[in-house]
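Please consult the sequence and the structure below while reading.

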Amino acid sequence: MLNISFWYYLLGSMSISQSSAAPKYLQEDEIVPECKDLLSTLPKEKGWAEPHLYKYQGFWYPAWQFQGVLECQQHFQAQDTDILLVSAPKCGTTWLKALAFTIINRNSHSIDDPGKHPLFYNNPHDLVHQIELESHIDNPIFNPSSPRLFATHLPYISLPKCAKNSECKLVYICRNPKDTFISLWHFMNELRLNHLASISLEVAFDKFCRGVSIFGPFWDHVSDYWEESRKRPNKVLFLKYEDMKEDPNLHVKRLAEFFGVPFSIEEATSGVVDGIIKLCSFENLSKLKVNKDGKLPSGVENKTFFRRGGVGDWKNYLWPVMVERLDYLTEEKFQGSGLHL
Ligand code: A3P
């Protein structure tokens, strides 16, 4: 099979009419035949920023992403010391990547001089790669350091078996569905192919509520990891974006402990935790040149990952009837689980 990032690079040299932030999508007629055959058997529906979404193992994917999911399931080799950052899209992946990278590498990349830190020159997505985009066996993306740090949007059911069965640790970040939806709606309209019209809030909302969104249904994604974190708390750390916003200090410490690299008393008293929080903050990262002008290899502009970075922006967009529908769904889906979003 061909690797998906190879396709990204290849397509980078082709002229496809796209909005400026749009990635160089793998077109539906360009995916490898074995993947195309399987795709043709799957339920499909019109997408948000792409022609179609396909339902595989209960979750929805655009064609280009689907090929990466299959490759990842076939080729990703988890190691016991790996750390996998997991999220549904727009739940705080970028932030978690920045924090995890900085915490784990704080000895080799000191935060004392932020101008020399890798985050000063790299978008967090360049430092921590998505396994469903780049896990082909021939792809040497994997950092040789231990622990290796990766990320994924894969739902629990579709994680490679080795990631579930090995000792590798998972950190899951979720976010309230109303802010997640608004963030996703903005993001997908930034990424859409030029020949596709932007998707209206109302149409996107209906799809989101019916679970038809990239890596959706959102609620199933969240609840599968929530259940797993309850069964195996040493394996899965479950975090909420809103809690992290409210008390970043506590959560940075929790992350370090979960990774097995807790802060020493000296670090705690010398301001290392606060320094990490500041370095990885929305305010700091979003104003860096790399995140204002840079692009990922896929062509996506780094600035699309930094919009407002707050809690409650949904109040500026959702009608009361929409709020009611989302709240009802959330209540219904998480009933009895002990999870409140
Ligand atoms: P908004 O669109 O609500 O602003 P993801 O990283 O999973 O794609 O999620 C993107 C969301 O996280 C966006 O939310 C983005 O602004 C926000 N975000 C990005 N970097 C952040 C940071 N360092 N701290 C807090 N939020 C951040």
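A polar contact is a pair of N or O atoms within 3.5 Å. The model discussed here is predicted.

- An oxygen atom of the ligand lies 2.6 Å from a polar side-chain atom of Thr93.
- The side chain of Lys90 places an N or O atom 2.7 Å from an oxygen atom of the ligand.

**Cover and shell**
- On its own the ligand has 560 Å² of accessible area, of which the protein covers 97%.
- Two or more residues of the shell come from each of α4 (93-104) and α11 (241-246).
- The largest contribution to the shell is that of α4, with three residues.
- The ligand is surrounded by 18 residues, and the closest are Thr93, Thr94, Ser183, Arg308 and Gly309.
- Sorted by class, the shell holds seven nonpolar, six polar and five charged residues.

**Helix α3**
- Helix α3 covers residues 63-75; at 1.5 Å a residue, its 13 residues should span 18 Å, and therefore the 19 Å between its end C-alpha atoms agrees with expectation.
- Most of α3 is covered, with eleven of its 13 residues buried.
- Among the buried residues of α3 are Trp64, Phe66, Val69, Leu70 and His75.
- Gln65, Gln67 and Glu71 of α3 are also buried.

Technical notes: Residues are numbered from 1 along each chain as its sequence is written. This is a predicted model: local features need pLDDT of at least 70, side-chain atom pairs count only at pLDDT 80 or more; totals for chains, interfaces and linings use all residues. Side-chain values use heavy atoms; hydrogens and water are left out. A residue is near a molecule or strand if one of its heavy atoms lies within 4 Å of it. A polar contact is a pair of N or O atoms within 3.5 Å; within protein, one must be able to donate a hydrogen and the other to accept it, and residues adjacent in sequence count only if both atoms are side-chain atoms. Accessible areas come from the Shrake-Rupley method with a 1.4 Å probe; for residues, only the protein chains shown count as cover. Helices (H or I, at least four residues) and strands (E, at least two) are DSSP runs, numbered from the N terminus. Ala, Val, Leu, Ile, Met, Phe, Trp, Tyr, Cys and Pro count as nonpolar, Asp, Glu, Lys and Arg as charged, and the others, Gly among them, as polar. The expected span of a helix is 1.5 Å times one less than its number of residues. Buried means under 20% relative accessible area, exposed over 50%, partly exposed in between (1.4 Å probe, protein chains only).
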